[in-house]
Amino acid sequence: MYGGRDESVTVRVINDKVGIFLDRFGKDISIFKADVNHVDIRFKAAISGQFFGWIFGLGEDVTIIGPKSVVDEAKEIAKKLYSQYK
């Protein structure tokens with residue numbers, strides 16, 4: 001997805017958001033039940049500012065849960081954006 005380093009990423013999403021990931025990444029994703037309201041989705045993505053912008057744009061119903069390096073990068077970007085607008 002738009003340059004960057006390729007990573008296998010896992011996100012936890014509310015059940016009704018699965019279609020968004022199927023539309024973006026096709027059938028090359030793995031879906032696992034997390035609980036009654038959520039699934040974990042694993043897919044390959046190019047980790048970049050564009051990727052994080054897309055993920056953040058999906059709102060609080062989507063959380064990156066792995067790998068730790070991608071979670072940490074998301075936290076840093078969120079902190080910088082928060083500082084910019086506080």
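Ala45 is in contact (heavy atoms within 4.5 Å) with Arg5, Asp6, Glu7, Phe25 and Phe51, leaving aside its neighbours within four places in sequence. Ala45 lies in strand β3. At 3% relative accessibility, Ala45 counts as buried (under 20% relative accessible area, 1.4 Å probe, protein chains only). This is a predicted model: local features need pLDDT of at least 70, side-chain atom pairs count only at pLDDT 80 or more, and totals for chains, interfaces and linings use all residues. Residues are numbered from 1 along each chain as its sequence is written, and side-chain values use heavy atoms, without hydrogens and water.

**Core**
- The largest nonpolar core has 22 residues; such a core is a set of buried Ala, Val, Leu, Ile, Met, Phe, Trp, Tyr and Cys residues joined through side-chain atoms within 4.5 Å.
- Val11, Phe21, Ile41, Phe43, Phe51 and Ile64 touch the most other members.
- β3 gives the largest share of this core, five residues.

**Ile64**
- Beyond its neighbours within four places in sequence, Ile64 is in contact with residues including Val9, Val11, Phe51, Ile55 and Ala74.
- The C-alpha atoms of Ile64 and Ala45 are separated by 12 Å, and the two residues are 19 apart along the chain.

**Whole chain**
- The protein chain has three helices and four strands; these are DSSP runs, with helices (H or I) of at least four residues and strands (E) of at least two, numbered from the N terminus.
- From the N terminus on, the order is β-α-β-β-α-β-α.
- Buried residues make up 35% of the 86 residues.
- The C-alpha trace spans about 35 × 30 × 20 Å along its principal axes.

Technical notes
Buried < 20%, exposed > 50% of the residue type's maximum accessible area, 1.4 Å probe, protein only.
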